[in-house]
Amino acid sequence: SRYPIEALLADIGDIATSLDPADLRRKSRDYYWYSPILATRLKDKVADVIVTPRDEADVIRVAAACYRHRVPLTVRGGATGNYGQCVPLEGGVLLDMAAMNRIEWQQPGIVRVQAGAKLFDIDAQTRPLGWELRMHPSTKRMAQIGGFVAGGSGGIGSVTFGGMREPGNILAARIVTVEERPRVIELRGDAAQKISRAYGTTGIITALEMPLAPALPWIDVIVAFDDFAESIRFGRAIAMADGVVKKLLAPIEWPLPQNFAGLRQYCPDGKAVLLGMIGSMSIESFETLLEAFGGTLTYKAPSEDVLTKVPLYEHTWNHCTLQTFKVDRNITYLQVLYPHDRVVESAAEIGARFEGEVMQHLEFIRINGLMTASGIPVIRFSTPERLYEIMAAYEARGIMIANPHVLTLEDGSRYKRVDADQLAFKHEVDPLGLLNPGKMRSFVPRSPGALQ
Ligand code: FAD
């Protein structure tokens, strides 16, 4: 190794570590292989040591040791991120948060958790008291709350509450800095956005305070449509009906439903489907609204959110890509945001231009109070050049792209830049640039002795 790992290990004492090569290889990966471009770039990246802290005191000790010995530190949550977010590009320490998984406390509408708690486990503990997380990614069964806040953007629930970055969706975050004497900082309110989707470059999150929503009995529905555009129009009508309580609305174009092994019998050949989660008190209103559209309800049953069964939502968001990968390896994907006032039109234009090459599904999401749709189109992959041509066609129609085929925060953002707040904050909390190096390209350390 190019780092003094022995000296580092001596400093961190009895904290659990692993140097096992198989472990190191396995844990240094996430779902970056969804991108054929990143698959080749990242396959050989591997950490030098995995460290598993038990509590915040352990995290502080590891941060101090990394600073002292100038060893990079990459935080690993559930490792379901998509762009090598938790792949240690420069090796060093992989900080595995899995053991810091305690719920600290809850009160009506709020839960305080350690960062390594799994989303699934959080809901399981808050539901009996009548509350659940406002939103979760489709990877809820594996992902951690720290990984979701540091790497994710939104998901099931965002049709009502917006993305993770909407004001109010993170109440507080507690972080450990990487300095000679690491500090513990509690970021409250809007300040917590300094760590949101920063890929773990702006501090090691040890705890989070998250707002909750009332836990409702949800009903899973599938509606089949002759026409994809009609499924979007209906999805939009339900999305805009504020009195109809919902958690998920995802119109999906044929042939994608062909790949949904578990739902195949409810997805008629050649039809588009809308997958939804509707509050049980709203199901009649949902069905009444459907009468004005050309769809047929093919499935309606209470959501079973259990670890042992593939939930309906694991066919939406980026799980639609995963279901397709299971039958066709020659695909890839994009992450897009349709213009709120041209959702149906812009999706139709893309459909006409790239028939057979781009397969669309949309997920309705409220952003800044405006109902719009994000989408994770599945794309038949030919060459990187063609992929970039498709992205240009999206952007020409006012559809924003968060490029999932790049490694840095800047290139992967819809705005192609890092948040100014996050950049300034990084200088305060990680002056040597040891946290997840290579992910924030605008950061140039000012301190002598820095890595880069
Ligand atoms: P990881 O992958 O482990 O980490 C993500 C990033 O956060 C990394 O940069 C890591 O360094 C950093 N990090 C993790 N923990 C901490 C911490 N304690 N402190 C500081 N930094 C930390 N995302 C969505 O937003 N919505 C979706 O619906 C969605 N669907 C997906 C479907 C599939 C099939 C896949 C493969 C991915 C999907 N994703 C989605 C992406 C990803 O699953 C989520 O963002 C998830 O929340 C990441 O959590 P994780 O614990 O796996 O994080």
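Predicted model: local features only at pLDDT ≥ 70, side-chain atom pairs only at ≥ 80, totals over all residues.
Residues are numbered from 1 along each chain as its sequence is written. Helices (H or I, at least four residues) and strands (E, at least two) are DSSP runs, numbered from the N terminus.

The ligand is surrounded by 38 residues, where a residue counts as near if its C-beta atom, placed from the backbone, lies within 6 Å of the molecule. The closest are Gly77, Gly147, Gly151, Gly152 and Gly200. Two or more residues come from each of strand 3 (73–76), helix 6, strand 10 and helix 10 (319–325). By type, the shell divides into 15 nonpolar, 21 polar and two charged residues, with Ala, Val, Leu, Ile, Met, Phe, Trp, Tyr, Cys and Pro taken as nonpolar, Asp, Glu, Lys and Arg as charged, and the others, Gly among them, as polar.

Let me turn to helix 5, residues 119–126, whose buried residues are Leu119, Phe120, Ile122 and Thr126; buried here means 20 or more other C-beta atoms within 10 Å of the residue's own, exposed means 12 or fewer, and partly exposed lies in between, with C-beta atoms placed from the backbone. These four sit on the same side of helix 5, because they cover an arc of only 160° around the axis, the arc being that of the directions from the helix axis to the C-beta atoms. Their cover includes helix 6 and strand 10 (204–214), contact meaning C-beta atoms, placed from the backbone, within 7 Å. Ala124, also in helix 5, counts as partly exposed because it has 15 C-beta neighbours inside 10 Å.

What about strand 12, residues 246–252: how many of its residues are buried? Seven of its seven are, and six bridges join strand 12 to strand 13 (residues 272–279), the two running antiparallel; pairing requires that DSSP finds at least two bridges between the strands. Leu248 stands opposite Met277 in strand 13.

Finally, two backbone details: Arg70, in the loop between helix 4 (56–69) and strand 3, has a positive phi near 55°, and Asn436, in the segment after helix 14 (420–429), has a positive phi of about 45°.

Key. Contact = placed C-beta atoms within 7 Å.
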